Amino acid sequence: MMCFSDYPVPDHYPNFMHNSQVLEYFRMYANEFDFLKYIRFKTTVCSVKKQPDFSTSGQWEVVTVSEGKKEVNVFDGVMVCTGHPTNAHLPLESFPGIEKFKVQYFHSRDYNNSESFTRKRVIIIGIGNSGSDLAVEISHTAKQVFLSTRRGAWIFNHVGDYGYPFDVLLTS
């Protein structure tokens, strides 16, 4: 469900990939299109500023530090990529009495596999991609799964012919 339209996920990968599979998919994609030469790992971005002539050039000054070395570069564009869910949103204040709740609760990013839910009753709060994927996967082992939404929702299958997500089939 989270593949690039020009590079489908390998057929043997599940729709809800483990984080190790997501990482491997990103590595395969970067290798396939020779992107690694453009990526700088372990680099801190110190500042991003518009160039003095930004209104005509559209350029940005980017200051970085890597291995103690400061570098200033000018780019035609800047893309801010914060990562896949970098900070879990777990609004516990919305659940009065949660401190008395004696059962396990956690964010979807901390999910590993469905075995720990075997023969248990589970409630999943939120019906985004992660919540929906988890509800389906956990339903294979759990006794019962509830999917909680604020307003209700229409649910339909994301997967089209041959197991490919519809967005891949329609926009490749």
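A: First, the term: a salt bridge is a side-chain nitrogen of Lys or Arg within 4 Å of a carboxyl oxygen of Asp or Glu. By that rule Arg-40 forms a salt bridge with Glu-71, with the closest N and O atoms 3.5 Å apart. Keep in mind that this is a predicted model.

Q: Where do Arg-40 and Glu-71 sit in the chain?
A: They link distant parts of the chain, 31 residues apart. Arg-40 is in the loop between H1 and S1, and Glu-71 is in strand S3. Glu-71 is partly exposed, because its relative accessible area is 28%.

Q: How many salt bridges does the structure hold?
A: Two. Besides the Arg-40 pair with Glu-71, Lys-37 forms a salt bridge with Asp-34. There the closest N and O atoms are 3.0 Å apart.

Q: Why would such side chains pair at all?
A: Opposite charges can pair when the charged atoms of the side chains come close.

Q: Is Lys-37 buried or exposed?
A: Exposed, because its relative accessible area is 55%.

Q: What about the phi of Asp-34?
A: Positive, about 55°, although Asp-34 is not a glycine. Asp-34 lies in the loop between H1 and S1.

Q: And what is phi for Lys-42?
A: Near 50°, again a positive value in a residue other than glycine. Lys-42 is in the loop between H1 and S1 too. At 81% relative accessibility, Lys-42 is exposed.

Q: Surface next. Which residues form the nonpolar patch?
A: Phe-33, Phe-35, Leu-36, Tyr-38, Ile-39 and Phe-41. Together they have about 620 Å² of accessible area.

Q: Where is Tyr-38?
A: In the loop between helix H1 (19-32) and strand S1 (44-50). Tyr-38 counts as exposed because its relative accessibility is 62%.

Q: On to rings. How many aromatic pairs are there?
A: The count comes to 14. One of them joins Tyr-29 and Phe-33, a tilted pair. Their centres are 4.8 Å apart, with 50° between the planes.

Q: Is Tyr-29 buried or exposed?
A: Buried, because its relative accessibility is 12%. Phe-33 is at 32%, so Phe-33 is partly exposed.

Q: What kind of pair do Tyr-111 and Phe-117 make?
A: A stacked one. The centres lie 6.2 Å apart and the planes meet at 20°, which is why the pair counts as stacked. Both Tyr-111 and Phe-117 are buried.

Q: Which residues do ring pairs link into a cluster?
A: Phe-4, Tyr-7, Tyr-25, Phe-26, Tyr-29, Phe-33 and Phe-35. Phe-33 and Phe-35 also belong to the nonpolar surface patch.

Q: Switching topic. How many disulfides does a search find?
A: Zero in the whole structure. As for cysteines, Cys-3 is buried because its relative accessible area is 14%. Cys-46 has 47%, so Cys-46 is partly exposed.

Q: Last one. Where is Ser-114?
A: In the loop between strand S3 (69-75) and strand S4 (121-125). Ser-114 is buried, because its relative accessibility is 8%.

Q: Leaving aside neighbours within four places in sequence, what is Ser-114 in contact with?
A: Glu-137, Ile-138 and Thr-141.

Conventions
Residues numbered from 1 in each chain as written. Predicted model: local features only at pLDDT ≥ 70, side-chain atom pairs only at ≥ 80, totals over all residues. Heavy atoms only, no water. Patch = residues over 30% accessible without salt bridge, like charges linked within 9 Å, V, L, I, M, F, W, Y side chains within 5 Å. Areas by Shrake-Rupley, 256 points an atom, 1.4 Å probe, with all protein chains shown as cover. Helix = DSSP H or I, 4+ residues; strand = E, 2+ residues; numbered from the N terminus. Buried < 20%, exposed > 50% of the residue type's maximum accessible area, 1.4 Å probe, protein only. Disulfide = S-S within 2.5 Å. Phe/Tyr/Trp six-rings, centres within 6.5 Å; stacked < 30°, edge-to-face > 60°. Contact = heavy atoms within 4.5 Å.
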